[in-house]
Amino acid sequence: MKTTPKAIVIGGGLAGLWATLRIADAGFPVQVFSLFEVKRSHSVCAQGGINAVLDTKGQRDSIHQHIVDTLKGGEYLANQPPVKSMCEAAPGLIRTFERMGVTFSRTPEGLLDQRLFGGVKNKRTCFAGASSGQQLLYGVDQQVRRLEARGQVSKFEWWEFLSLLKDTDGVCRGILAMDLKSLEVRAFPADAVVIATGGFGQIYAPKTTTSSHCTGAAASRCYRQGAWFANAEFFQFHPTAMIGRDKNRLMSEAARGEGGRIWTPRNPRDARAPNAIPETARFYFLEEFFPAYGNTVSRDEASRAIWHVTREMGLGIQGTDRVYLDLTHLDRAFVSNRLGAILDIYRKFAGTDPLAEPMEIFPAAHYPMGGLWVDFERDEFGGMRPDSPRNQATNIPGLYACGECDYAYHGANRLGANSLLSASFSGRVAGESVVSYLRGLDHHRMSLDQAGVASDIDRQQRLNQTLMRSDGSENPYRLHQELGALMTARVGVVRVNSELATALDELRDLERRAASVALGDSSVWANQTLVFARQLQDMIRLAMVVAKSALERDECRGAHHKPAFKIPLPEGKFAGDPEFEDYRARWRANNDQWLKTTIAEFSAEGPRIHDEEIDLSICPPTEPRDYR
Amino acid sequence: MRQFAADPRFLLRRLHSLLGLLPVGAFLIFHLWENSQSRFGAEHYNGEVVAFLQGMNYLPALEIVLIALPLLFHAGYGLIVVNQMRAEPIRYRYLRNWLYWLQRISGIGILIFLLLHVGMTRIEGLWRVSVREDLFGHMQHLLSQPWMFGIYLAGLLLSVFHLANGLSAMGIVWGLTTSARAQRRFGFVCAGLGLLLAAIGVHGLIGFLP
Amino acid sequence: MKGLPAKTTSIRFRIRRQDAPGSPSYWQEFAIPYAPDHNVISALMVVRNNPVTADGQRVAPVVWDRNCMEEVCGSCAMLINGVPRPSCSALIDSLRQPIVLEPLPKFPVVRDLLVDRSRIDEGLRKVRAWIEIDGAWDTHEGAPRISPGEWSANYFYSRCMSCGCCMSACPQFGPHSDFIGPAPLAQVRLMNAHPTGRYDQAERLHAIMGDGGISDCGNAQNCVRVCPKAIPLTTAIGELGRQTTVQAIKDLFGG
Ligand SMILES: Cc1cc2nc3c(=O)[nH]c(=O)nc-3n(C[C@H](O)[C@H](O)[C@H](O)COP(=O)(O)OP(=O)(O)OC[C@H]3O[C@@H](n4cnc5c(N)ncnc54)[C@H](O)[C@@H]3O)c2cc1C
Ligand code: HEM
Ligand code: HEM
Ligand code: SF4
Ligand code: F3S
Ligand code: FES
């Protein structure tokens with residue numbers, strides 16, 4: 001008997017919903033799983049916009065330039081064919097979003113507007129007011145609702161993915177999921193599974209700009225079952241995030257761009273109100289460290305400088321992890337006019353007026369470039385072969401990954417406004433790959449062994465019961481705080497091998513402690529503490545991958561910064577000079593050794609790391625970057 | 001058309017709204033004007049105004065079709081609408097919320113008043129010729145009792161409020177006023193109309209007093 | 001509001017709790033050390049780290065919903081001191097103490113402050129709040145033009161995050177009625193304004209001209225007052241009034 005194969009998509013963010021649409025468009029039934037209503041996914045947080053070369057601003061922008069910017073921005077760590085295909089697909093994606101009704105901002109002529117965004121020279125970012133991610137997500141959410149009304153898609157909101165169902169050949173054949181209300185664990189057989197569960201900034205909580213559900217638990221569970229996790233050491237920190245107890249909220253770089261100055265009191269015990277501190281007692285460290293750029297240095301440099309001043313010099317405000325971002329010296333009307341929307345956010349959440357009092361900021365974990373390893377197939381034009389079932393496939397057959405939880409598009413560092421693009425694009429590609437995969441399936445393959453499924457369910461239920469009955473002493477939420485503090489301190493903006501080694505030890509200790517928690521809630525109905533205690537264990541496991549990957553990579557590349565292995569550019573020396581040539585040689589040697597994808601595999605003793613060559617077929621790194 | 005047959009709520013609600021203004025609201029305006037003639041004395045009121053009205057052809061038919069049925073429908077469906085409300089005027093002390101609540105309360109108030117009022121005038125007049133022939137005297141007799149005067153005043157003010165506020169709601173229901181600004185401005189216009197009608201009504205009430 | 005008495009040393013909460021749907025609710029009080037930069041969520045997180053009531057009793061951690069903590073995801077709405085609003089943007093310093101937290105009214109309680117808002121989604125499905133497209137692929141057609149003025153009117157509505165505050169404040173919405181509530185109505189306004197969304201205007205209007213549709217709005221206008229995103233709901237309702245008027249005339253008299 002031939003039945004229609006069906007697919008499961010885990011995650012209702014931009015990536016997951018795109019995959020859902022493409023699979024359902026092809027006529028296959030899809031079940032979407034999400035921890036909550038899909039339209040509340042973290043994708044809504046993105047404010048800035050999404051990159052696509054439309055070349056509508058008379059700047060002769062080109063897709064090639066977008067590709068090069070993305071690759072260089074990521075310091076060549078990304079495989080190049082997927083990046084090429086993504087940049088080429090971007091304009092079409094924007095047009096599709098537009099047809100879905102996304103309210104992109106307009107030019108006076110009624111056409112799509114584009115603006116300048118982080119680190120590139122051309123205006124190539126489409127935006128929808130100050131809520132681009134929200135608008136894009138709602139666009140696909142509405143389409144999914146349309147298909148849902150037609151019965152092609154069914155949503156399982158308030159359901160959590162727990163583990164993969166694998167058959168005896170190791171092929172993914174469905175999932176186990178838990179109803180977050182009744183705590184029922186149920187098996188959902190399927191012929192292909194897409195995982196689109198977003199990032200994992202919460203391992204740095206509360207110093208992260210991500211939503212509280214960005215735990216990475218789902219990806220960690222796949223890793224635990226054999227999926228490779230790649231480039232975990234690359235985590236982008238946003239230099240200026242407003243301090244909060246629940247999370248750190250993004251404060252746009254525009255604040256520095258418009259003349260904001262970053263400083264800290266020269267005396268860390270100075271308890272005066274910031275406005276009462278005279279100029280002479282203020283340390284404008286960015287201006288001192290980088291006389292040429294001052295406060296407008298790149299994100300990375302700014303993050304590291306703030307790190308250095310607070311963590312290494314001990315000069316944070318009153319010795320804490322805080323420095324000032326000061327706009328009070330600027331003309332009020334000018335600033336209000338240029339920065340109105342972001343100042344409102346600060347007022348709303350900090351309760352003070354940034355035009356009267358300096359803002360308090362600190363770098364926050366923003367975006368993981370790493371994630372589940374995914375494959376691609378190169379076509380004769382150097383891009384990804386359309387509809388290849390290998391695209392976005394993990395190393396587990398039948399399991400696909402896309403969005404922030406894959407590793408594929410940003411290399412060692414992500415360009416601003418490129419991740420909404422990669423989430424949409426990779427989601428679309430994953431959907432198309434799944435369709436090819438489903439079409440190629442052997443209809444006579446063995447069905448899943450029911451006894452095995454039953455024992456899997458049993459194992460998950462026992463895990464719940466063990467946690468419920470546990471009479472340990474640890475509070476999972478406090479352990480989470482410890483995890484965040486530990487990761488921020490030792491696996492943060494600047495990395496030192498001895499610290500990383502210590503971090504690994506401490507993580508192992510945390511892992512042990514997380515197994516003996518006291519939930520303090522014995523209810524079998526909507527028990528959030530139980531759910532969180534489970535996620536915490538997976539977060540710690542993922543944190544180990546991050547720490548271990550960071551420990552293994554002895555170089556500075558993109559967001560991964562190890563000062564001990566920095567190859568400094570010789571001052572005042574240029575090509576031809578022996579000193580510069582020596583530098584060039586070291587740079588080459590470093591690339592030969594380290595320009596590789598880090599891949600972590602689960603083992604009981606901890607992550608096992610190996611590496612993989614990178615496809616540099618489009619624009620290989622021939623020259624070191626030199627901004628002078 | 002077919003869709004309304006299956007699901008008539010929209011049409012009923014719009015009919016309710018429309019009848020509130022036409023003819024019920026229009027009747028109220030006319031009625032208040034009619035009663036304001038009391039100032040010119042019993043002779044004028046009985047002889048010119050009432051006699052003219054009572055002398056109209058097909059009067060009972062007009063009364064039934066233009067007044068009684070629309071009013072009954074508006075009141076009947078109004079009770080259904082009132083039943084849908086779960087107002088929290090204390091929790092949400094916004095003007096519009098209060099008006100929303102008062103609209104419904106006043107509807108019930110009017111209903112009670114009308115039962116009394118129509119019973120004591122038009123219905124009583126059916127069998128008591130003296131009432132029919134000297135409505136002025138009858139009203140004067142009634143309104144001379146302070147509590148009855150109070151009831152009339154209340155009934156009058158409730159009706160006028162209900163019409164004026166209903167009119168401003170109609171602006172939104174029918175899509176005449178859309179922006180918040182337009183709604184506020186039209187609200188003022190309706191308030192003005194309400195005050196005017198209240199003045200005419202009170203003027204008429206006082207006109208009956210000896 | 002920094003004008004609180006300086007002796008504030010703690011933040012006090014009164015929280016209405018409920019163990020499961022249908023079970024009786026009860027009150028508990030909590031107190032945590034004062035800090036000026038708390039919002040309701042960050043304070044609840046502190047309570048969660050050590051769930052002990054003000055009178056020393058160890059209790060189950062409070063259950064509630066949150067995600068973005070930036071007022072864009074719409075998860076965290078609850079009744080705070082009697083008013084429905086998102087809790088992530090409710091700064092402690094601006095609230096009267098003890099801060100009274102209750103689940104968002106009108107929606108069925110799941111547990112404690114967590115409610116089931118699937119009715120919003122149902123409403124959106126009922127009114128067909130989407131643009132009919134051929135499929136999620138590129139048609140190589142440029143974007144339809146939309147004037148900046150029209151854009152800014154539409155943009156207001158596109159920011160609705162389905163938090164449900166407007167619906168919980170609406171006296172016509174609740175378990176007693178089948179009114180879909182203001183938020184889905186506003187989405188009809190948005191979809192009908194899109195150059196291609198317009199093609200299905202009649203279907204959407206028919207959907208809201210049915211039971212539970214626009215005629216159940218009584219113009220109480222609480223919705224627009226409590227909406228944290230300042231979405232002009234009552235303008236949408238007025239515009240839909242106009243559109244349905246025209247549609248009804250077409251339906252009744254042909255055209
Ligand atoms: C503050 C901020 C601003 C940003 N601004 C920009 C910007 O301007 N431009 C840009 O390009 N990018 C930006 N980004 C990045 C971008 O928003 C994200 O990378 C992108 O939205 C990720 O989308 P996603 O679909 O992969 O995941 P998400 O949107 O995070 O979705 C994850 C989904 O997975 C589900 N899920 C997770 N775990 C489970 C589980 N166990 N079981 C079931 N379901 C699960 C969740 O319910 C959710 O639906 C920003 C990020 C942040 C933090
Ligand atoms: C201001 C004070 C009012 C006075 C002095 C007054 C007077 C009268 C009189 C004298 C009649 C009898 C008419 C007749 O039999 O021909 C009457 C009838 C009636 N009145 Fe009033 N009235 C007043 C206010 C109102 C109000 C506020 C309403 C509310 C809508 C109202 C509704 C009616 C109705 C429905 C009838 C019956 C009409 C008919 O069928 O002819 N009246 N009124
Ligand atoms: C003097 C008699 C009356 C007049 C002139 C009148 C007029 C009106 C008008 C113009 C409206 C506005 C319609 C709209 O909002 O679309 C209205 C609304 C209403 N009326 Fe009346 N009405 C009268 C009597 C009554 C009675 C007796 C009731 C019964 C209880 C009633 C109940 C209502 C209700 C509940 C509404 C609110 C409808 C809404 O806004 O949703 N009315 N009325
Ligand atoms: S309209 Fe406003 S209050 Fe209502 S759901 Fe949308 S955002 Fe929330
Ligand atoms: S509060 Fe409710 S009654 Fe109408 S105007 Fe708003 S939907
Ligand atoms: S947590 Fe997202 S709106 Fe408050």
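Visitor: Let's start with A:R299. What does A:R299 touch, leaving out residues up to four places away in sequence?

Guide: This is a predicted model, so read everything here that way. A:R299 touches A:Q236, A:H238, A:P239, A:E253, A:R256, A:H366, A:R414 and A:G416, once residues up to four places away in sequence are set aside.

Visitor: Which of its side-chain partners makes a polar contact with the side chain of A:R299?

Guide: One to look at is A:Q236: the side chains of A:R299 and A:Q236 make a polar contact at 3.1 Å.

Visitor: Where does A:R299 sit, and is it buried or exposed?

Guide: A:R299 lies in helix α8 of chain A, which covers residues 299-312. A:R299 counts as buried because its relative accessibility is 16%, and the cut-off for buried is under 20%.

Visitor: What does UniProt say about A:R299?

Guide: UniProt places the feature "active site" at A:R299, and that comes from an unreviewed entry. Such annotations may be inferred rather than shown by experiment.

Visitor: OK, switching to interfaces. How many residues does each side put into the contact of chain A and chain C?

Guide: Chain A brings 75 residues and chain C brings 77 residues. Between them, the two chains bury about 6000 Å², with 50% of that on carbon and sulfur atoms.

Visitor: How many salt bridges cross between chain A and chain C?

Guide: The rule finds 10 salt bridges across that interface. In one salt bridge, the side chain of A:R245 meets that of C:D37, with N to O at 2.6 Å.

Visitor: And how many residue pairs in polar contact between chain A and chain C?

Guide: The count is 41 residue pairs, both residues being at pLDDT 80 or more.

Visitor: Which elements of chain A supply at least two residues to the side that touches chain C?

Guide: On chain A, α1 (14-25), α3 (80-100), α4 (132-149), β13 (249-250), α9 (332-350), α12 (476-490) and α14 (528-552) each supply at least two residues to that side. α4(A) gives the most, with 9 residues.

Visitor: How does that side of chain A split by class?

Guide: The side of chain A that touches chain C has 22 nonpolar, 29 polar and 24 charged residues.

Visitor: Now chain C with chain B. How many residues are in contact there?

Guide: 37 residues of chain C are in contact with 31 residues of chain B. Chain C and chain B bury about 3100 Å² between them, 49% of it on carbon and sulfur atoms.

Visitor: How many salt bridges and polar pairs does that one have?

Guide: The rule finds 3 salt bridges between chain C and chain B. C:D211 forms a salt bridge with B:R9, where the closest N and O atoms are 3.3 Å apart. For polar contacts, the count between chain C and chain B is 20 residue pairs, both at pLDDT 80 or more.

Visitor: Which element of chain C gives the most to the side touching chain B?

Guide: That's α8(C), with 12 residues. By class, the side of chain C that touches chain B has 12 nonpolar, 18 polar and 7 charged residues.

Visitor: What is phi of C:M69, and where does C:M69 lie?

Guide: Phi of C:M69 is near 60°, a positive value in a residue other than glycine. C:M69 lies in the loop between α1 (40-49) and β3 (77-80) of chain C.

Visitor: Why does C:M69 count as buried?

Guide: C:M69 is buried because its relative accessible area is 1%.

Visitor: And what about phi of C:Q221?

Guide: C:Q221 has a positive phi of about 65° although it is not a glycine. C:Q221 sits in the loop between α6 (201-208) and α7 (222-226) of chain C, and counts as buried at 10% relative accessibility.

Key:
Residues are numbered from 1 along each chain as its sequence is written. Chains are lettered from A and ligands numbered from 1 in the order in which they are written. This is a predicted model: local features need pLDDT of at least 70, side-chain atom pairs count only at pLDDT 80 or more; totals for chains, interfaces and linings use all residues. Side-chain values use heavy atoms; hydrogens and water are left out. Contact means heavy atoms within 4.5 Å. Buried area is the accessible area (1.4 Å probe) that two parts lose on being put together, summed over both. A salt bridge is a side-chain nitrogen of Lys or Arg within 4 Å of a carboxyl oxygen of Asp or Glu. A polar contact is a pair of N or O atoms within 3.5 Å; within protein, one must be able to donate a hydrogen and the other to accept it, and residues adjacent in sequence count only if both atoms are side-chain atoms. Helices (H or I, at least four residues) and strands (E, at least two) are DSSP runs, numbered from the N terminus. Ala, Val, Leu, Ile, Met, Phe, Trp, Tyr, Cys and Pro count as nonpolar, Asp, Glu, Lys and Arg as charged, and the others, Gly among them, as polar. Buried means under 20% relative accessible area, exposed over 50%, partly exposed in between (1.4 Å probe, protein chains only).
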